Amino acid sequence: MRELSLNILDIAQNSIAAGASLINIEVAEDTAKKELLISVSDNGCGMTQEQVSNVLDPFFTTRTTRKVGMGIPLFKLAAEQTGGNLRIESEKGKGTTTAALFRTDSIDFTPLGDVTSTIVILISMNTDRDFIYKRSRDGESFALSTAEMREILGGVPLNEPEVVEWMKDYINEQTNILLGGVTQ
Ligand SMILES: Nc1ncnc2c1ncn2[C@@H]1O[C@H](COP(=O)(O)OP(=O)(O)OP(=O)(O)O)[C@@H](O)[C@H]1O
Ligand SMILES: [Mg+2]
């Protein structure tokens with residue numbers, strides 16, 4: 001079974017393809033409601049309402065190398081299989097938010113997988129973009145912002161091995177604190 005971190009990678013890659021300079025990735029869990037929300041927001045080229053309805057149909061894509069775009073339909077399917085849903089809010093020229101809601105108590109809930117590596121890969125492979133990663137659970141949260149990191153690092157690139165290691169350790173450590181030692 002696919003891990004949701006791979007869907008996050010897919011959806012963030014759409015934002016990169018859309019020319020976004022800032023990509024906001026949020027993973028929010030509500031343990032009382034047994035819900036997990038994954039949202040990716042960007043300031044890329046955006047879509048018209050017609051394009052939005054078309055992307056939810058697996059046979060629509062602006063790719064020319066391959067006919068069928070599957071990133072969004074697969075993410076939507078993963079959410080719907082748990083009793084959740086996927087929503088896209090987009091405005092041409094402004095940006096896009098793709099948000100999927102999962103019911104974590106569903107037998108079809110796919111594990112999140114290695115979100116830390118996904119985020120670190122996205123950041124280190126796209127040093128010309130800014131990312132904000134926010135993870136929350138029942139009102140507690142932590143965030144990592146590449147814009148803030150850039151200020152602290154001065155001219156040190158975000159794909160410098162020591163920086164990559166630090167990001168990995170930071171996200172893992174903060175995630176462990178947030179989840180109270182519970183891994184998922
Ligand atoms: N964040 C976004 N901003 C602007 N357009 C988007 C965004 N996300 C998706 N789209 C549009 O929706 C289309 C479908 O996206 P989807 O991820 O389903 O498939 P794809 O990216 O074309 O192909 P695949 O993900 O299978 O490699 C994209 O080709 C693009 O035109
Ligand atoms: Mg895609």
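The following conversation discusses a predicted model of a protein.

Biologist: How many helices and strands does the protein have?

Modeller: The secondary structure of this predicted model comes to 6 helices and 6 strands. Along the sequence they follow the pattern α-β-β-α-α-β-β-α-β-β-α-α.

Biologist: And why does it count as compact as a globular protein of that length?

Modeller: The radius of gyration is 16 Å, close to the 16 Å that the globule rule gives for 184 residues, so the protein is as compact as a globular protein of that length. Of these 184 residues, 29% count as buried.

Biologist: Let us turn to ligand 1. Which residues come nearest to it?

Modeller: There are 19 residues around ligand 1, and Asn-14, Ala-18, Gly-69, Gly-71 and Ile-72 come nearest. Helix 1 (4-17) and helix 3 (71-80) are the elements that give two or more residues to this shell.

Biologist: What is the shell like by class?

Modeller: The shell around ligand 1 has 7 nonpolar, 9 polar and 3 charged residues.

Biologist: Now the strands. In which sense do strand 5 and strand 6 pair?

Modeller: Strand 5 (residues 130-137) and strand 6 (residues 140-145) pair in the antiparallel sense, over 6 bridges. Ile-132 stands opposite Ser-145 in strand 6. The hairpin of these two strands has 2 residues between them, and Asp-138 takes a positive phi near 50° there.

Biologist: One more residue: is Glu-165 buried or exposed?

Modeller: Glu-165, which is found in helix 6 (residues 161-178), counts as exposed because it has 11 C-beta neighbours inside 10 Å, and a residue with 12 or fewer is classed as exposed. Glu-165 and Val-120 are 45 residues apart in sequence, yet 8.9 Å apart in space, C-alpha to C-alpha.

How values were computed
Residues numbered from 1 in each chain as written. Chains lettered and ligands numbered in written order. Predicted model: local features only at pLDDT ≥ 70, side-chain atom pairs only at ≥ 80, totals over all residues. Near = placed C-beta within 6 Å. Helix = DSSP H or I, 4+ residues; strand = E, 2+ residues; numbered from the N terminus. Nonpolar A, V, L, I, M, F, W, Y, C, P; charged D, E, K, R; others polar. Buried ≥ 20, exposed ≤ 12 C-beta atoms within 10 Å, placed from the backbone. Pairing = 2+ DSSP bridges. Rg over C-alpha atoms; globule rule 2.2 N^0.38 Å.
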